[in-house]
Amino acid sequence: MKKTKLGNTDIYVTPIGLGVLTIGNTQLDLPLEEGAEVVKYAYEKGIRLFDTAQYYETYPYMREAFRDIDLSLDNPDRPIIASKSLDHSYEEMEAAIHECLDALGIDRIDIFKMHEVRQEPDWSDRAGAWQCLIDYREKGIVGAIGVSTHHVDITEMMADVPECDIVFPLINYAGLGIRKGAGPGTAEEMEAAIRKCLDAGKGVFAMKAFGGGNLTGTYMKSLNYVRDLGCHSIIIGMGKKAEVDDIVRYAEGELPDDYQPETRDKIIHIDQGDCEACGACLSRCPNKAIFWNEKGLADVNYDICLTCGYCAPVCPVRAIIMW
Ligand code: SF4
Ligand code: SF4
């Protein structure tokens, strides 16, 4: 698979990256060997960018998948590993970087990011963690630093942050999950922010091209939209080898324009770590299939859920996903 230079960094990535979240315990919760096999298969099929996070608890899968591969700078064809942390302070971020290095059995990592930066004052509140990333890049322990975000304003702001190498924004043609300030943002607004980052030389890889699985029914349209924005890579969560085969064929230009993968076995999930209990999905569900669970968060009654997907677009924080 052809590689592209990631903005002004000296890192080269494939147009598709594997989002390792999917195999972990917040989604498919695959056994170690099975999950590692998916990661290894993606590498064997040519994918060279793998995005994970401290929060996903997926480092063991990656260590197992890459145990026979030289992950050092000496190997120009190594899998580029990107991780991230939700932490705020210098000390917490430092611990997160070391946890990652230890768990993967490496002494440097290509990319480490601030995970899910929200509208101000979140960025300012996390100044300690950001300084830690700057220092670790200086020491050569982290190759490139940046942020992941669902927010238009943060994406736009990062174009003007000189220390920021990488921006990992949420974008899809339907605008699902995009935030601006304290409210929703649009796909057009995020497109403009991404363009600003690309013009500023940032490395940009995009998340949620399928809107958390809700746009898989328009497979080619979803991928083509993000590809045509000029992002250097699109991170796709995959938990099956067949999904890897599809995406590799897409990247190689081998899929017909009307290609549509089988999606009948997918169901709606509400991520309990993301739900903010706003109630919008309860009002939207035509079949009253969403209820408040014992934690006071939204949950799905699968006995009556129609898998229509109507609830997902109204969720302001993209907590409703389909897999
Ligand atoms: S998928 Fe449809 S039926 Fe199921 S919870 Fe969402 S809106 Fe309700
Ligand atoms: S719309 Fe999203 S944030 Fe609001 S209650 Fe439903 S799942 Fe939670």
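Predicted model: local features only at pLDDT ≥ 70, side-chain atom pairs only at ≥ 80, totals over all residues.
**Entry 1**

I count a residue as buried if 20 or more other C-beta atoms lie within 10 Å of its own, as exposed if 12 or fewer do, and as partly exposed in between. I located E57 in the loop between β4 (49–51) and α2 (59–65). Its phi is near 55°, a positive value in a residue other than glycine.

E116 sits in the loop between β6 and α4. I find 21 other C-beta atoms within 10 Å of E116, so this residue is buried.

P121 also belongs to the loop between β6 (109–114) and α4 (122–125). I checked the peptide bond joining E120 and P121 and found that it is cis, with omega about 15°. As background I note that most residues other than glycine have a negative phi, and that most peptide bonds are trans.

**Entry 1. Overall dimensions**

I turned to the protein as a whole. I count 10 helices and 16 strands. The C-alpha trace spans about 55 × 45 × 35 Å along its principal axes. The radius of gyration is 19 Å; a compact globule of 323 residues would have a value near 20 Å, so the two agree.

Of the 323 residues, 46% count as buried. I also examined contacts between residues at least 6 apart in sequence, and 72% of these join residues at least 24 apart.

**Entry 2. Domains**

The domain assignment gives domain 1 as 4–251 and domain 2 as 268–322. I note 26 Å between the C-alpha centres of domain 1 and domain 2. At the boundary, 11 residues of domain 1 are in contact with 10 residues of domain 2. The side of domain 1 that touches domain 2 has 3 nonpolar, 7 polar and 1 charged residues.

**Entry 3. Ligand shells**

I listed the surroundings of both ligands. Ligand 1 has 13 residues around it, and the closest are C285, C305, L306, C308 and C311. By class, the shell of ligand 1 holds 10 nonpolar, 3 polar and no charged residues.

For ligand 2 I find 14 surrounding residues, with C275, C278, C281, A298 and C315 as the closest. The shell of ligand 2 divides into 12 nonpolar, 1 polar and 1 charged.

**Entry 4. Strand β5**

I asked how many residues of strand β5 (residues 80–85) are buried. The count is 6 of the 6, so β5 is largely enclosed by the rest of the structure. I confirmed that both faces of β5 are covered: I80, A82 and K84 are buried on one side, and I81, S83 and S85 on the other.

β5 runs parallel to β4, to which 3 bridges join it. Within this pairing I note F50 opposite I81 in β5.

**Entry 5. Strand β8**

Strand β7 (residues 142–149) pairs with β8 in the parallel sense over 4 bridges. S148 is the residue that stands opposite F168 in β8.

I placed A95 in helix α3 (residues 90–104). S85 and A95 are 10 residues apart in sequence, and their C-alpha atoms are 9.9 Å apart in space.

G237 counts as buried because 23 C-beta neighbours fall inside 10 Å. Leaving aside neighbours within four places in sequence, I find G237 in contact with G19, L21 and T22. I also took the separation from A192, which is 45 residues away along the chain: the C-alpha atoms of G237 and A192 are 25 Å apart.

Conventions: Residues numbered from 1 in each chain as written. Chains lettered and ligands numbered in written order. Near = placed C-beta within 6 Å. Nonpolar A, V, L, I, M, F, W, Y, C, P; charged D, E, K, R; others polar. Domains from an automatic or database assignment. Contact = placed C-beta atoms within 7 Å. Helix = DSSP H or I, 4+ residues; strand = E, 2+ residues; numbered from the N terminus. Rg over C-alpha atoms; globule rule 2.2 N^0.38 Å. Pairing = 2+ DSSP bridges.
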